[in-house]
Amino acid sequence: MTGIDLLGYTAGMLTTYAFWPQLQKTWASKSAGDVSLGMLAIFSAGVFLWFLYGLVLHSWPIILTNAITLLLTGAILLLKLRYRG
């Protein structure tokens, strides 16, 4: 692993982990009222495009971290839709 790969993995892990507290709070409170549906949808679309970009480049730091971020934000998005009513 190169230094630039390590930098990519570290940056990706930090930005990915940033969504964990929100997912935990949304799950525990059964409420996503303070989370913007528009932001989640746009962000998830952007993360999906980053994932595709990583696939094209065969860049594992981009692929792995964006796949995990997509799972976390997708889970928050699903909870947002579930607890909407």
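These legends walk through an overall view and several close-ups of one predicted model.

Because this is a prediction, local features are described only at pLDDT of at least 70 and side-chain atom pairs only at pLDDT 80 or more, while totals for chains, interfaces and linings use all residues. Residues are numbered from 1 along each chain as its sequence is written, and side-chain values use heavy atoms, with hydrogens and water left out.

View 1. Read along the sequence, the pattern is α-α-α-α. Helices (H or I, at least four residues) and strands (E, at least two) are DSSP runs, numbered from the N terminus. Taken along the principal axes, the C-alpha atoms fill a box of roughly 45 × 20 × 15 Å. Of the 85 residues, 31% count as buried; here buried means under 20% relative accessible area, exposed means over 50%, and partly exposed is in between (1.4 Å probe, protein chains only). The accessible surface of the chain comes to about 5800 Å², and 74% of that belongs to carbon and sulfur atoms. These areas come from the Shrake-Rupley method with a 1.4 Å probe, and for residues only the protein chains shown count as cover. Among the contacts (heavy atoms within 4.5 Å) in the chain with a separation of 6 or more, 74% involve residues 24 or more positions apart.

**View 2. Phe19 and the residues it touches.** Look for Phe19 in the loop between H1 and H2. Phe19 is buried, at a relative accessible area of 16%. Not counting residues up to four places away in sequence, Phe19 touches Phe43, Thr69, Leu72, Thr73 and Ile76. For a sense of scale, Phe19 and Leu78 are 59 residues apart in sequence, and their C-alpha atoms are 14 Å apart in space.

**View 3. The aromatic pairs of the model.** Rings of Phe, Tyr and Trp (its six-membered ring) pair if their centres lie within 6.5 Å; planes under 30 degrees apart count as stacked, over 60 as edge-to-face and the rest as tilted. By this rule the count comes to 2 aromatic pairs. One of them joins Phe19 and Phe43, a tilted pair at 5.0 Å centre to centre with 35 degrees between the planes. This pair links distant parts of the chain, since Phe19 is in the loop between helix H1 (3-17) and helix H2 (20-29), while Phe43 is in helix H3 (residues 37-57), 24 residues apart. Phe43 counts as partly exposed, at 32% relative accessibility. The rings of Trp50 and Tyr53 have their centres 5.4 Å apart and their planes at 85 degrees, so this pair is edge-to-face. Trp50 and Tyr53 are about one helical turn apart because they are 3 residues apart in helix H3. Trp50 is partly exposed with a relative accessible area of 49%, and Tyr53 is partly exposed at 43%.

**View 4. Thr69 in helix H4 (residues 60-82).** Thr69 is buried, with a relative accessible area of 5%. A polar atom of the Thr69 side chain lies 2.8 Å from the backbone oxygen of Thr65. Leaving out residues up to four places away in sequence, Thr69 touches Thr16, Phe19, Phe43 and Val47.

**View 5. Thr73, another residue of helix H4.** Thr73 is buried, with a relative accessible area of 0%. Apart from neighbours within four places in sequence, Thr73 is in contact with Phe19, Leu40, Phe43 and Ser44.

**View 6. Lys30 and the ring of Trp27.** The charged end of Lys30 sits over the ring of Trp27, 5.1 Å from its centre. A charge sits over a ring if NZ of Lys or CZ of Arg is within 6 Å of the ring centre and within 35 degrees of the ring normal. Lys30 itself is in the loop between H2 and H3, and is partly exposed at 48% relative accessibility. Its backbone is worth a glance too: phi of Lys30 is near 55 degrees, a positive value in a residue other than glycine.

**View 7. His58 in the loop between H3 and H4.** Phi of His58 is near 55 degrees, again positive in a residue other than glycine. Most residues other than glycine have a negative phi. His58 is exposed, with a relative accessible area of 64%.

Conventions
A polar contact is a pair of N or O atoms within 3.5 Å; within protein, one must be able to donate a hydrogen and the other to accept it, and residues adjacent in sequence count only if both atoms are side-chain atoms.
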